[in-house]
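This report describes one protein model, beginning with a single residue and widening to the whole chain. Please keep the sequence and the structure in view while reading.

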Amino acid sequence: VYAANFFIFIVPIWFLLYMKQAYSIEPRWHRFLYRLLLTLHILIPIAAFSLDLLGIISCIYFNHPFHIITALSAVFYFYTVIRNLKNDIRGTILFLSGFLVLLITGIIDTFQLFYKRTSMLTVTQFSYPGMFYFLLTLLIAVARELKNIYTFMSENLKENETNYKSLFENMTDGFTYNRIETDEKGRIVNLTILETNNKFLEQMGLQGRNVAGADMFAILPEL
């Protein structure tokens, strides 16, 4: 139960950090509110479990301020999601479902603890499935984010390759990329052509020939 309570206290921290990475937080007041909520969610578990371990006050007494801050964070999260909904509707709906399940199950267990005086041994009977589902949606969201990053990097790489190829082919000077092989004394014994542009072939009178892989000395003995 102690570990479960600690986990519940730090879940909003993960959720706020994920939100910062997944969504745009642009206005100054928006960033300020984000930092304030994150700071409070960090300070509450530190204070709660430090005082509890010292035997000064039980961490249960921090549940009420924790729920208030969590409710404010939920409102802040929904506002942020609405502003960014157009970016990833499926991912947003998935993560929202996980957060709502976690919130609802936590409220149910809290109600049983404070109003029905349920035994502490069964106080997390609803929260555990809620935490599991929330973690599952979080993992799926992370996987989707990694996929988006991979797709972006792949598209960026293809674009860079296209730009490089265009620059290489349209250079006004002849250019060739070669592999140099030397002997024991450091003298060049083989100069293998790996890639050339059209201007180089034109300047050397090699238009229309595929010289990739050929020895430069064999093609141009005057070198």
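Isoleucine 193 touches Thr176, Tyr177, Asn178, Val211, Ala212, Gly213, Ala214, Met216 and Ile219, when residues up to four places away in sequence are not counted, a contact being defined as heavy atoms within 4.5 Å. The model is a predicted one, in which local features need pLDDT of at least 70 and side-chain atom pairs count only at pLDDT 80 or more, whereas totals for chains, interfaces and linings use all residues. Residues are numbered from 1 along each chain as its sequence is written, and side-chain values use heavy atoms, with hydrogens and water left out.

Isoleucine 193 has its place in strand β2, and at 1% relative accessibility this residue counts as buried; here buried means under 20% relative accessible area, exposed means over 50%, and partly exposed covers what lies in between, with a 1.4 Å probe and protein chains only. The C-alpha atom of isoleucine 193 is separated by 5.6 Å from that of alanine 214, although the two residues are 21 apart along the chain.

Strand β2 also holds isoleucine 188, but this residue is partly exposed, at 44% relative accessibility. Leaving aside neighbours within four places in sequence, isoleucine 188 is in contact with Ile180, Glu181, Thr182 and Phe217.

How do the two strands pair, and over how many bridges? Strand β1 (residues 176-182) and strand β2 (residues 188-196) run in the antiparallel sense and are joined over seven bridges, where pairing requires that DSSP finds at least two bridges between the strands. Tyrosine 177 stands opposite glutamate 195 of β2. Five residues lie between the strands of this hairpin, in which glycine 186 takes a positive phi near 85 degrees. Helices and strands are DSSP runs numbered from the N terminus, a helix being H or I with at least four residues and a strand being E with at least two.

Side chains of opposite charge can pair when their charged atoms come close. A search of the whole structure finds three salt bridges, each defined as a side-chain nitrogen of Lys or Arg within 4 Å of a carboxyl oxygen of Asp or Glu.

| Salt bridge | N to O distance |
|---|---|
| Glutamate 181 and arginine 179 | 3.6 Å |
| Aspartate 183 and arginine 187 | 3.2 Å |
| Lysine 199 and glutamate 202 | 3.9 Å |

Glutamate 181 is partly exposed at 31% relative accessibility, and arginine 179 is likewise partly exposed, with a relative accessible area of 40%. Aspartate 183 counts as partly exposed at 25%, whereas arginine 187, at 51%, counts as exposed. Lysine 199 and glutamate 202 both lie in helix α6 (residues 198-203), three residues apart, or about one turn of the helix. Lysine 199 is partly exposed with a relative accessible area of 27%, and glutamate 202 is partly exposed with one of 45%.

Turning to the nonpolar cores, the largest has 30 residues, and those with the most contacts inside it are Phe9, Phe15, Leu16, Phe95 and Phe134; such a core is a set of buried Ala, Val, Leu, Ile, Met, Phe, Trp, Tyr and Cys residues joined through side-chain atoms within 4.5 Å. Helices α1 (2-22), α2 (28-53), α3 (63-83), α4 (89-115) and α5 (127-169) each supply at least two residues of this core, and α1 gives the most to it, with nine residues. Phenylalanine 15 is in contact with Ser73, Tyr77, Phe95, Phe99 and Phe134, leaving aside its neighbours within four places in sequence. Apart from this core lies another, of nine residues, among them Ile193, Leu201, Val211 and Leu220.

Methionine 153 has its place in helix α5 and is exposed, with a relative accessible area of 55%.

For the protein as a whole, there are seven helices and two strands, which follow the pattern α-α-α-α-α-β-β-α-α along the sequence. Of its 223 residues, 32% count as buried. Among contacts between residues at least 6 apart in sequence, 57% join residues at least 24 apart. The accessible surface comes to about 14,600 Å², of which 65% belongs to carbon and sulfur atoms, with areas taken from the Shrake-Rupley method and a 1.4 Å probe.
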